[in-house]
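Here is a brief report on selected local features. The sequence and model come first.

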Amino acid sequence: MTRTVYVNGEYLPETEAKVSVFDRAFLMADGVYEVTSVLGGKLIDFDGHLKRLERSLNELDMQKPEAFDDLLEIHRELVRVNGIEDGLIYLQVTRGAAADRDFAFPDPEEVKPTLVLFTQAKPGLADSPAAKTGLKVISIDDIRWGRRDIKTTQLLYPSMGKMMAKKAGCDDAWMIEDGKVTEGTSNNAYIVKGNKIITRELSTDILHGITRAAVLRFAREAQMAVEERSFTIDEAKEADEAFITSASTFVMPVVEIDGASLGDGTPGRVSKRLREIYLEESLKAAI
């Protein structure tokens, strides 16, 4: 079945969707994006993703697309026409396509942003088998640029990190800078020690995860102890349990780091309970 996608104001069959070869996301990775989960045909944490998109645009001095105020309607229409029950909606905004390649930003009065959205069907997204077995991660050096708080399309190194993990027979990689864990290749990282949830504090070093914010809020409401600080990979290996969060994985247990099993090598009590709470509360608030 051919998907319907959205490109600059038009709903098109994916086979007919086109973006200029001069688009700056293609030439310069000059674009930002968001991924919103769909469960039961409804959008999860949509308002949070929209606010972060606006922040990313502002941080890069990039114009909002003309359809910015219609994004909820566009998301819902793509869910409807593509029959998405469980899945993801990918949104990308770029600085647009100038007449030719140039390092200098084009005049925003003459070159308008490019806006693209498409869906990915993921039946049973909330019932991933990995949630029952947990993930295995490796550690790698974090050599990304210094503004990881902006959700840009500069994803080459995270992609390389995923491939390093795959080559090692693992599921993902946690990135290390100055001896401390920053985050996963596409997720925020956490450890649990003595029933305390520990995760790196917000800064320009990590993405300000929408799922992260919700999970920490739910944890505190459930009277769980939360400490936002950096932690080393050695500290992580000796933790009672660990997990990641993202829009597509929700709360996902980690059971092994660099070959070291955590606890008894199965998903821990805290991460399992947080996953249950997050899914339950997010579904209640879904739109």
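T2 is partly exposed because its relative accessibility is 43%. Here, buried means under 20% relative accessible area, exposed over 50%, and partly exposed in between (1.4 Å probe, protein chains only). This is a predicted model: local features need pLDDT of at least 70, side-chain atom pairs count only at pLDDT 80 or more, and totals for chains, interfaces and linings use all residues. Residues are numbered from 1 along each chain as its sequence is written, and side-chain values use heavy atoms, with hydrogens and water left out.

T2 sits in the segment before β1. Helices (H or I, at least four residues) and strands (E, at least two) are DSSP runs, numbered from the N terminus. Beyond its neighbours within four places in sequence, T2 contacts P13, E14 and T15. Contact means heavy atoms within 4.5 Å. T2 and L50 are 48 residues apart along the chain, and 27 Å separates their C-alpha atoms.

## Two asparagines with positive phi

Most residues other than glycine have a negative phi. N8 is not a glycine, yet its phi is positive, about 50 degrees. N8 belongs to the loop between β1 (4-7) and β2. Its relative accessibility is 44%, so N8 counts as partly exposed.

N195 also has a positive phi without being a glycine, at about 70 degrees. The loop between β10 (188-193) and β11 (196-199) holds N195. With 49% relative accessibility, N195 is therefore partly exposed.

## A nonpolar surface patch

V21, F22 and F26 form a nonpolar surface patch of about 320 Å². Patches take residues with over 30% relative accessible area and no salt bridge; like charges are joined within 9 Å, nonpolar side chains (Val, Leu, Ile, Met, Phe, Trp, Tyr) within 5 Å. A salt bridge is a side-chain nitrogen of Lys or Arg within 4 Å of a carboxyl oxygen of Asp or Glu. Areas come from the Shrake-Rupley method with a 1.4 Å probe; for residues, only the protein chains shown count as cover.

V21 lies in the loop between β2 (10-13) and α1 (24-28). V21 counts as exposed because its relative accessibility is 54%.

## The second largest pocket

The second largest pocket holds about 210 Å³ of space. Its lining has 16 residues, and I44, D45, F46, R217 and A285 are the closest to its centre. α2 (46-59), α6 (210-221) and α8 (269-285) each supply at least two lining residues. α6 gives the most, with 5 residues.

On a 1 Å grid over the protein atoms alone, a pocket is an open set of points where a 1.4 Å probe fits, with protein on both sides within 12 Å along at least five of seven lines; lining residues have an atom within 4 Å of a point. Points are joined across faces, edges and corners, and a volume is the space filled by probe spheres set on them.
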